[in-house]
There are 2 protein chains.
Amino acid sequence: MLTAGRSGSGEGKPVLAVVGGGPVGLAIAWRCAQRGMRVTVYDPAPGSGASAVAAGMLSPVAEATFGERDLTALMVNAAARWPAFAAEVEVAGGRDVGYRTDGTLIVALTADDVAEARRLWTYQQSLDLPLTPLLPTELRVREPQLSTRVRGGAYAPADHQVDPRRLVPALVAAARAAGVRVERRQVDRLSDVDADVVVVAAGTGSATLAGLPVRPVKGQVLRLRAPGGGPPVVRHVIRGYADGRSVYLVPRVDGEVVVGATVEERGDLTVTAGAVLDLLRAAAELVPELAEYELAEARAATRPGTPDNLPYLGPLPGRPGVLVATGHYRHGILLAPITADLVADALTGGEPTGGALAGDDWPAELAPLRPDRAARQAPVRRTTGQAPADLPTGQAPADLPTGQAPADLPTGQAPADRLSGPGDPVEEGNRWN
Amino acid sequence: MLTAGRSGSGEGKPVLAVVGGGPVGLAIAWRCAQRGMRVTVYDPAPGSGASAVAAGMLSPVAEATFGERDLTALMVNAAARWPAFAAEVEVAGGRDVGYRTDGTLIVALTADDVAEARRLWTYQQSLDLPLTPLLPTELRVREPQLSTRVRGGAYAPADHQVDPRRLVPALVAAARAAGVRVERRQVDRLSDVDADVVVVAAGTGSATLAGLPVRPVKGQVLRLRAPGGGPPVVRHVIRGYADGRSVYLVPRVDGEVVVGATVEERGDLTVTAGAVLDLLRAAAELVPELAEYELAEARAATRPGTPDNLPYLGPLPGRPGVLVATGHYRHGILLAPITADLVADALTGGEPTGGALAGDDWPAELAPLRPDRAARQAPVRRTTGQAPADLPTGQAPADLPTGQAPADLPTGQAPADRLSGPGDPVEEGNRWN
């Protein structure tokens, strides 16, 4: 049995164990330690899961899709917290996290691609999300290396990026500076952890730890590198529709361009020829110059998917003292700060020992995220799962039959009531720029 | 100064130093040791050069191209030696080398591809090389997983394969068993080697060691792996023309499929997005099932090219005691056994101390391969060099202006007179099957 927290001084403080040292778990640990809790993170290799492969797009607008208003509201609120969060992590962790606010260009190659993209843009604009359609000439003013084949696009100024491979070490350093212990150990059963409160933030590993329908959704991602070590030829995050295929390009200042990602209903980590082919083809169609780039890495990871694409956040039914913060699917980086804030608020906002933990006191506004909805969810699996990269990354969740969502899931603004912040466009219109 | 050979017993035997531990150098060392010479091979990492990336096609027929009759004759003779050579290496080295005689299918996807391929087939058949045109239905009987788009093809039964990554360790073991010493050391100058005879077999490194116009020609190669660990869905070596791009697929029994190769006039070892894209696209167009394969490796190496695509084999001008065996370009694996035989014959066939080494006694029939032709060669570089994979691998040498070959290079059968063996079709017609 592992024992969370230190012996010695601070013995009287609440003891929190976080199982899982990805961005979500580390941010929770950091925030809770800042509120005075004694915290230990358990992970055999912090940051080695999905975040090691993730591109780090922070895209509440381009990712807003039909039938996911709760998720969109959560993501919008999450994005609003990122500028301050990034600045604070960089100071506390003593290093850069690669947070970049150049915004995102969405581009479409063929007339069919434009039609498909426009359908979503219309929806996103109906939510007053900040999105400006651009002419091809306007797109090329912003990114001169875009293919001359690009026929349409839009600018999402509030869709930013961070580098997860810089974020995780910064979070580890920040958490340690706040007193968090990071134990490089595998936790196979929750009963192996001795703590007042246990938070399960173990990504796809949460399925067995917490008995929740979290399933692995494989994503394959490439990393290109500009020849000669300079910065890439593009500056914005570029999300493209290319001959029916989707791809995103995330340029880093250091010359790296992340190219992603497949969305596959399988749990292996094999890099396949077909996925690499599709990603490279779409990337080179959008920005031909990328063909000259080094293919520096090809890697796969599994995202923790849930039946309704919403994370599980709240008390684990029948397990007093156990909170769940997992199932962030394709949005773990974006949602890490807000998840951490919500957990810290719940654990320290009421009684310091965690009155919310019995399940009864969990904030009603967060009800849509509660893990107890899992009992009413049939696991949903797409039937097209084996084909790599055949789904636009921005729309994969739309393939899920949202009509099967449990009846008590609000279709409207329930979490936004609680989650709305100063920049929430659902509540306050477009104040993103 | 390095000292080749052992002290102690055998002191009276000739001492041979081979600089370069690729297949050519190792085969030379082995053969010379078998003839009673005391041999040391110098290489910091034997088998780490071009052979570590090479696919190992043994293709005298499919590689026979316009204006290279000397090279074709040499390759035909070399291929005839392979069955016995492979068997002998396997016994002496105590391990399998992956020699496979399933033959090669040449396939073409579009009408343009068929026309381009047919032009070369006609030439190859005019040399009586064993090549049988096949209908698409006949191709698919041999390889059911070929794309239904394949419109034409041919069967080259004498074009075989070997696995260079198995061959090198087998050669090292065979050479050691015959008394060869392998010294893991870098040789930067020939004067650093103390031996009666020095053979330079250092691939692209031969340029600085021997002052010859050997240039690096980059090749990028992928290795795929069948899912589940079974054998690949194809059995033959497949050389394809796919929408104007060339690719070859070399299936191993263990599930690996080697996909190659670019031909680029540059010396770096960077794996580029464009090259991987082109190779994967062509491979998947020919055998769609390969999209499901793991992309296990992408790697580049440089082949040692010469101005006329013929290797340099013979005495180094002005350096008595130094032989050169390099510049094998894209054919180093195929030509290793014959190169070794020719060197061993030259060194031990006449006076045992190497009468050939003064240069005067070098067999006249091998004159076309003599390094002293370099003085009359202007280095030839293709102007299309930067574009990856845009040249059919079987035809790249045809782009070289053969009209610039020195006047004393025979256009006909000179080396075949000496090199012809029992299987030489130039001399004796089609006796390959």
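Predicted model: local features only at pLDDT ≥ 70, side-chain atom pairs only at ≥ 80, totals over all residues.
Residues are numbered from 1 along each chain as its sequence is written, chains are lettered from A and ligands numbered from 1 in the order in which they are written, and side-chain values use heavy atoms, with hydrogens and water left out.

Me: How many aromatic pairs are there over all chains?
Reply: Rings of Phe, Tyr and Trp (its six-membered ring) pair if their centres lie within 6.5 Å, and planes under 30 degrees apart count as stacked, over 60 as edge-to-face and the rest as tilted. By this rule, the count over all chains is eight aromatic pairs.

Me: Which kind of aromatic pair do Trp30(B) and Phe85(B) form, and how many residues apart are they?
Reply: The centres of Trp30(B) and Phe85(B) are 5.8 Å apart and the planes stand at 65 degrees, so the pair is edge-to-face. Helices (H or I, at least four residues) and strands (E, at least two) are DSSP runs, numbered from the N terminus. In these terms Trp30(B) belongs to helix H1 (residues 23-34) of chain B and Phe85(B) to helix H2 (residues 69-93) of chain B, and the pair links distant parts of the chain that are 55 residues apart.

Me: Is Trp30(B) buried or exposed?
Reply: Buried means under 20% relative accessible area, exposed over 50%, and partly exposed in between (1.4 Å probe, protein chains only). Because the relative accessibility of Trp30(B) is 1%, this residue counts as buried.

Me: Which residues are linked by ring pairs into a cluster in chain A?
Reply: Ring pairs join residues of chain A into a cluster. The members of this cluster are Trp30(A), Trp82(A), Phe85(A) and Tyr99(A).

Me: Which residue has its charged end over the ring of Trp30(A)?
Reply: A charge sits over a ring if NZ of Lys or CZ of Arg is within 6 Å of the ring centre and within 35 degrees of the ring normal. For Trp30(A), a charged end lies 4.6 Å from the ring centre, and it belongs to Arg31(A).

Me: Where does H2(B) bend, and by about how many degrees?
Reply: The bend at a residue is the angle between axes fitted to the seven residues ending there and the seven starting there. A proline, Pro83(B), follows within four residues of the bend, which is found at Trp82(B) and comes to about 40 degrees.

Me: Which residue forms a salt bridge with Asp254(B)?
Reply: A salt bridge is a side-chain nitrogen of Lys or Arg within 4 Å of a carboxyl oxygen of Asp or Glu, and the whole structure holds 54 salt bridges over all chains. Asp254(B) lies in the loop between strand S14 (245-251) and strand S15 (256-260) of chain B and its partner in helix H5 (residues 164-177) of chain B, so the pair ties together parts that are 88 residues apart in sequence. Asp254(B) is partly exposed at 32% relative accessibility. The closest N and O atoms are 3.6 Å apart, and the partner is Arg166(B).

Me: Is Glu183(B) buried or exposed?
Reply: Glu183(B) meets Arg185(B) in a salt bridge of 2.8 Å, N to O. Arg185(B) is partly exposed, with a relative accessible area of 38%. Glu183(B), at 13% relative accessibility, counts as buried.

Me: Where is Ala261(B), and what is the omega of the peptide bond from Gly260(B) to Ala261(B)?
Reply: Most residues other than glycine have a negative phi, and most peptide bonds are trans. Ala261(B) lies in the loop between S15 and helix H7 (273-286) of chain B. The peptide bond from Gly260(B) to Ala261(B) is cis, with omega near -15 degrees.

Me: What is the phi of Asn309(B)?
Reply: Asn309(B) is placed in the loop between strand S16 (294-305) and strand S17 (312-315) of chain B. At 2% relative accessibility Asn309(B) counts as buried. Although Asn309(B) is not a glycine, its phi is positive, about 65 degrees.
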